[in-house]
Amino acid sequence: MQFVDAVNRYNAEKFDKQTIQNDQYAFMHLMLFFRESTLDQINMNTLWPFIHHRLLSVKNSTINRELEVVRHLLNLAHKEWLCLDAVPFIRMLKESPPRVRFLTQPEADRLLMALPHHLQPVVQYALATGCRRGEILNLEWSRVDLRRHVTWLEHGTTKNGAARGIPLNRDAMIALQMAKSRNARWVFTYMNNPMVGIGSAFKKALKRAEIKNFRFHDLRHTWASWHVMSGTPLYDLMTLGGWKTMDCVQRYAHLAPEHLATAASRIERKLINY
């Protein structure tokens, strides 16, 4: 099967995949090298020119995500489409440790004060729940239960596709009260219309608050970091954040080594008076 035909079939079958746009972006770069290739010509040896080209403009982590798309495509061709005899080994590049940038409480206060009115509840809700930007902006009132202090994300609306409930603490409840508008469907709105993004207003607020090296997704890192530093067990954090494995939350473990103090004390030697 030609690589071009495989990509077209992939796009047709995976049209409802949540990250399909990311996959298509990867295919756009891969097409420069494999447009005339067949699937059985793709292997680690033929992928290196593509890798070296991408290294000129992006990090190893980005290239790895693109290599994962290639691997997934080849696995489909082998296991489901039955048009590829074997899947070659594709080695991932070494990545830097995951970035963890979080706000201090004073920084968070400054940011909230610097935000325009329509973004204040969005950021406060992110800090209180750890939800991702898409999960927040796509939240509908039909999935909010103010009486039970809970919202829920349905299957297909989260990054990993799994549904999850979001317990609402006091700060999250305040954010929802701030967000109330005349829009009967969408929770977070701008001029009573659903928000499709946060635009440049967030970056301008960061500048006014004198906060550097910070992205919207770092609000999720902030939420997770605050939890760990407040004593939330990593397993509970994994459940709250909707992560499927502990690997994703281990990046925060170093923030609260004191929670291991009880375990460390179990082998203390008893003092002996001579």
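The model is predicted, with local features needing pLDDT of at least 70 and side-chain atom pairs counting only at pLDDT 80 or more, while totals for chains, interfaces and linings use all residues. Residues are numbered from 1 along each chain as its sequence is written, and side-chain values use heavy atoms, leaving out hydrogens and water.

Let's start with helix α9, residues 201-208 (helices are DSSP runs of H or I, at least four residues, and strands are runs of E, at least two, numbered from the N terminus). Its buried residues (under 20% relative accessible area, with exposed meaning over 50%, using a 1.4 Å probe and protein chains only) are Phe 202, Ala 205 and Leu 206. They sit on the same side of α9 because they cover an arc of only 105° around the axis, taken from the directions from the helix axis to the C-beta atoms. The face turned away carries exposed Lys 203, Lys 207 and Arg 208. Among the elements covering the buried residues is α10, by contact, meaning heavy atoms within 4.5 Å.

Helix α10 (218-229) is also where you'll find Arg 220. Arg 220 is buried yet has no salt bridge (a side-chain nitrogen of Lys or Arg within 4 Å of a carboxyl oxygen of Asp or Glu); Glu 135, the nearest side chain of opposite charge, is 4.9 Å away. Instead, the Arg 220 side chain reaches the backbone oxygen of Gly 241 at 2.7 Å.

Now the strands: β2 (150-153) runs antiparallel to β1 (144-145), joined by two bridges, and Val 144 has Thr 151 as its bridge partner.

Notes:
Lys, Arg positive; Asp, Glu negative; His and termini not counted. Polar contact = N/O pair within 3.5 Å; in protein donor to acceptor, adjacent residues only side chain to side chain. Pairing = 2+ DSSP bridges.
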